[in-house]
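I opened this model to look up two things. The entries below cover a sheet and then a surface patch.

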Amino acid sequence: MTELMQTFWFWAPFSAVVIAIVVTVNALLSVYMERKVSAWMQDRLGPMENGPHGILQTVIDAVKLLLKEDIIARGIDRPLFKLAPYIVFGASFAIFAVTPFADGHPAADLNVGIFFALAISAFVVAGIMMAGWSSNNKWSLYGAMRSVAQAVSYEVPISLVVLAVVMVSGSMSMQEICVSQAGGFWNWHGLSLHHNPFLVLGFLIYFIASLAEVNRTPFDLPEAESELVGGYHTEYSGMRFALFFLSEYANMLAVGMLATVLFLGGWQPLHPALGFIPGPLWLFGKAYGFVLLQMWIRMTLPRLRVDQLMHVCWKVLVPAAMGVLVLGGLWELLIG
Amino acid sequence: MDNHELFIQGSRVPDRGPDGDLMTLNMGPQHPSTHGVLRLELLTDGEEVASIRPHIGYLHRCFEKHCEKLTPPQIVPYTDRMDYLASMNNNLGFAVACERMLGLQVPEKVEYLRVVVAELNRIASHLVAIGTCGLDLGALTPYFFCFRDREMILDFFEEICGARLLYNYIWVGGLSHDFPEGMDDKILRFCDYFEARIDNELNPLLSFNKIFIGRNAGIGVVSAEQAWAFGLSGPSLRGSGVAFDLRRDDPYSIYDRFQWKVCVGEGLVGQLGDSWDRYWVKVLEMKESLSIIRQALAARPKDGDVREAVPGRVKLPVGELYCRTETPRGELGYYIVSGGGNLPERVKVRAPAFSNLCIIDEISRGALISDVVAILGSLDIVLGEIDR
Amino acid sequence: MEFAELLGHIRAALPGAVLEEHPEAFSPWILVARAQLPALALLLRDDPALDFAQLMCLSGTHLPASASESDRLASIFHLFSPRHRHKLGVKVVLDSADPACPSVAGVWPTADWHEREAYDLLGIVYEGHPDLRRILCPDDWEGHPLRKDYVTPATYNGMPLD
């Protein structure tokens, strides 16, 4: 224990800086990626004016957001209103703390890592609720209520599926989970039909539920702009809005990373022979694959209605996740 | 009484809910899904809508008052600005009304070209309706595809008359310009291209998307009786299964010469007369319009002056006329009273979207806020025409 | 049904309701006594031989004072029967000193907004209308813009209008 603490505290500041850079660069990169990906899917060019192929567009937007007036309307609950973006941002920031970027990355080696990640990601909901409530705006309130209902519901299937992974890996440490999937892509939980086929189904459930967890289409009800104007961040502007924005993209990457760690071997290479490519590249490569998938889905599907959203969760995903847990356990016990 | 008090008073919703525990939610005039400056006052119980009180008039310019000071040829550009998504059809309606009063026979060529541009504009207008209907439900990509194809039509119009949105193309007795050289071929090529786009792109991506169907099927159901009683027309009426199209049932221009089908909703995925049916009718109608365009281009006379029959001075005879034509949104009626002078005494416009919108309270009760957005999208309103 | 037949049918069912007939107009219409309008509207809609299910258009007009007539307002109802495919214009002429006209919003719900519009722009008061408010102009607008003698006010709530 002391050994772990020593290494943890030794590594923590470095990790924090690295993660701060990752989160910020990720937002710039993801926004640009989303613009370009959506543009290509929609027969457009996307940003083309600033820099070659519009590469500076997101930087300019970031500067614009920083310089914008921070409007706090009358009748707003100021302390909550000001605090909310930081909570949301902090929570999505903290998930990266336990993500193992590479083999032996010690900051991440928390023995209840995955539990921490799930717990801290639930914290985002508190921030969103604070934002929605304090805004003194009915649209924000609707957005916040939807967000809470959605996040709380979809945490159930996610937790159940994660539990199944933990059961098979035999550890709650994200590093251990990665290590347990060593040896090539056929050993990854999400693809290993021969090890435990139920985890493959679990992978699918996790991916669908994670879309809801980060408010992405088709589950983007809390900020459905065509219904709720801007959802919980309707009243925010300038830097505070930028924080919500930043955390949204950080969350997209975070669930991608969690999915990678849980089901696609984390930093493990595709094949042991490809081990010369550094672990972080594998992790980020796979995680951005998920981000791309999220964008692809967003550009393809319309949005669900609130009752349909609940239907998908409680009547489809939760029973299926239960099945994964029980049958996956039985398989592990009898065959695995 | 100051303005603020008046605003509050004007917005007071009669308590029609089961108890006093309802919340008023102000949707618009600045809201992404009200398709312009429409304000809906929703009385909500959680996400459920107890009643809707629409407030219109934000774009009111008193078009009808302007008309009292203008001669009919001067009124034509004003009609552009009512339903700005289907200006050709508005021009056509007014021209037909004036020509009926004057007893004017327009040349064959003009009639055919009018049909071509009116049907092209119908497709362009339906593309906006379909695209925004998807956009309101969060489907981003079909919207861009629809607008990409609409751009092509606007390019044609630009080539024909120089304007992309407000054309002033169909004059009383004629047209402002002839088609340029090679226009027929371009339009025919577009027809082939676009027909394939509907089948291969729009339908799989949006029309038969499971989520899109789930959001629209069984929502905002209008029965045929309700549709007639509330004065619905156009795709909103046909979505309820009523095969009634003024182009066929109250013919004007030369629509009786073409072979085409009046498309109606059939309750294919949900209930007859739901939002999806109203949407689907528009998709089907675009194909019928393509067919009409092809027939008209094949049959049209090549020679002749399109301004040949344009009267030097339009002096409407004494009398009154109610003339209706089918625009993309439905029955556009012009009620013209003339005292025999240069200026009409009264021009009243029966705007299709105006009548289509008035049913929204009736069919939205008990729906969710998200459904109101879907219903509004399927009713396909243009505020420029509602407010005039 | 042709206009003459329609007229005969209405005259037989409601004697005295039709004051004038104008079959020669571009859109034939009948002038109806104000008091008879509610009964006539129900007859037009419910009589299976007439069956005017659609109120196409409801317009108001202002007929300024002339040598022979005083200042009047008119409300015109253009009706259509989808089943029989016949049309009819029904007109009620009102004195502008007493611009009260029975509402037909209970007969054809679409009349609701059209009557509000005519009230807003011409000041015709539709009696029995469920919610007669201005619809296009602001609630505190002064005057009725489509009247021929309307003068645009110089200001609206202190804002100059020009």
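I count two strands as paired if DSSP finds at least two bridges between them. Strands (E, at least two residues) and helices (H or I, at least four) are DSSP runs, numbered from the N terminus. This is a predicted model, in which local features need pLDDT of at least 70, side-chain atom pairs count only at pLDDT 80 or more, and totals for chains, interfaces and linings use all residues. Residues are numbered from 1 along each chain as its sequence is written, and side-chain values use heavy atoms, leaving out hydrogens and water.

Entry one, the sheet. I found that β1(C) and β2(C) (residues 29–32) pair in the antiparallel sense over 4 bridges. Glu21(C) has Ile30(C) in β2(C) as its bridge partner. The open sheet has 5 strands with mixed pairing, in the order β1-β2-β5-β4-β3 (chain C). Its edge strands, β1 (18–22) and β3 (54–63) of chain C, each pair on one side only.

Entry two, the patch. I looked up which residues make a nonpolar surface patch of about 770 Å². Among them are Leu28(A), Ile55(A) and Met239(A). Patch residues have over 30% relative accessible area and no salt bridge, with like charges joined within 9 Å and nonpolar side chains (Val, Leu, Ile, Met, Phe, Trp, Tyr) within 5 Å. A salt bridge is a side-chain nitrogen of Lys or Arg within 4 Å of a carboxyl oxygen of Asp or Glu. Areas come from the Shrake-Rupley method with a 1.4 Å probe, and for residues only the protein chains shown count as cover. Helix α2 (residues 57–67) of chain A gives the most, with 5 residues. Leu28(A) lies in helix α1 (residues 2–41) of chain A.

Note on methods:
Chains lettered and ligands numbered in written order.
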